[in-house]
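Here's a quick tour of a sheet and some of the helices around it. Have the structure open and follow along.

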Amino acid sequence: MAGVLALDVGGTKIAAGLVDADGALTYTATLPTRADQGTEVVWSVVAELIDGALAQAGGRVDAVGIGSAGPVDVNAGTVSPINIPGWRGFALRDRVAAAVPGVSVRLGGDGLCMALGEHRYGAGRGTRSMLGMVVSTGVGGGLVLDGAPFHGRSGNAGHVGHVIVDPDGELCRCGGRGCVETIASGPSMVRWALANGWAPEGTAADAKALGDAAEAGDPVALRAFRRGTDALAVMIASVAAVCDLDLVVIGGGVARSGALLFDPLWAALAERAGLDFLAGLRVVPAELGGEAGLVGAGVLATLP
């Protein structure tokens with residue numbers, strides 16, 4: 001078996017991998033997206049990664065799976081990532097199919113692919129219904145319901161970063177107001193902390209520095225994390241109630257903060273998820289790390 005070519009398209013970086021029948025990545029490569037340099041420049045990054053993966057595979061793969069930042073339109077095969085300005089209605093599936101002719105090419109949201117990877121090979125193994133989430137520069141997600149990926153009408157189901165948790169909150173880059181991403185993403189927590197008196201010394205004001213400050217007991221940094229985790233808890237309780245979930249798996253850069261994120265999140269959920277059928281809801285860290293999207297794109301490519 002030649003294996004599956006997997007692509008993971010994000011606003012900062014694009015990755016390609018070869019995934020074998022056991023879900024193992026036998027090859028990976030990553031390049032900067034160059035999102036500010038126009039439509040065809042970004043495509044040239046994808047094309048370069050495809051060429052490298054095909055060369056590694058001996059010129060042949062069995063299928064291609066693509067996970068892309070969204071919004072996506074899986075029916076049309078197009079993507080319009082918020083953080084890639086030059087791609088609006090970009091025909092990604094057709095462009096990839098032309099570059100890898102003769103095999104099936106499937107497109108899904110990056111959050112869905114992360115959820116598929118964790119469901120098949122990571123923290124969600126054996127789970128019936130789960131939400132996979134990434135908490136990092138943004139907040140993304142995907143749903144696996146009754147053991148199958150749930151795309152929704154257009155392919156954007158599970159876009160949990162834009163669940164509104166504060167109707168009077170700040171404007172979101174999606175055009176809405178008070179989305180969970182405006183409170184719980186890494187940059188949002190940093191922005192709030194800086195506005196409320198956090199002053200990092202001799203280091204960049206980023207999510208890692210904020211996490212380090214919180215670990216050291218900085219009160220503003222701790223409040224920023226607790227504000228973010230409370231917003232996540234509101235969203236998770238709502239989505240779990242609607243979808244009757246067994247499990248939530250959280251990955252991404254902010255999730256690597258460990259107990260700093262999960263301890264207050266579990267405490268907030270205990271207060272907010274009051275329905276009896278939510279009593280068994282588990283919220284756990286992802287197991288596949290940054291590879292979940294590629295592994296999940298490989299799973300997507302091979303689904304019936």
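Five strands make up an open sheet with mixed pairing, in the order β3-β2-β1-β4-β7. At its edges sit β3 (25-32) and β7 (104-109), each pairing on one side only. From one strand to the next, the twist averages 15°. This is a predicted model: local features need pLDDT of at least 70, side-chain atom pairs count only at pLDDT 80 or more, and totals for chains, interfaces and linings use all residues. Residues are numbered from 1 along each chain as its sequence is written, and side-chain values use heavy atoms, with hydrogens and water left out.

**Strand pairing**
- Strands are DSSP runs of E, at least two residues, and helices are runs of H or I, at least four, numbered from the N terminus.
- Two strands count as paired if DSSP finds at least two bridges between them.
- β1 (residues 4-9) and β4 (residues 63-68) run parallel, joined by six bridges.
- V9 has S68 in β4 as its bridge partner.

**Helices on the sheet**
- α2 (residues 92-99) lies across β1, β4 and β7, at about 150° to β4.
- α9 (residues 292-302) packs on the sheet too, touching β1, β2 (13-19), β3, β4 and β7, and its direction makes about 130° with that of β1.
- Contact here means heavy atoms within 4.5 Å, while angles run from 0 to 180 degrees between N-to-C directions of axes fitted to C-alpha atoms, for helices over the stretch in contact.
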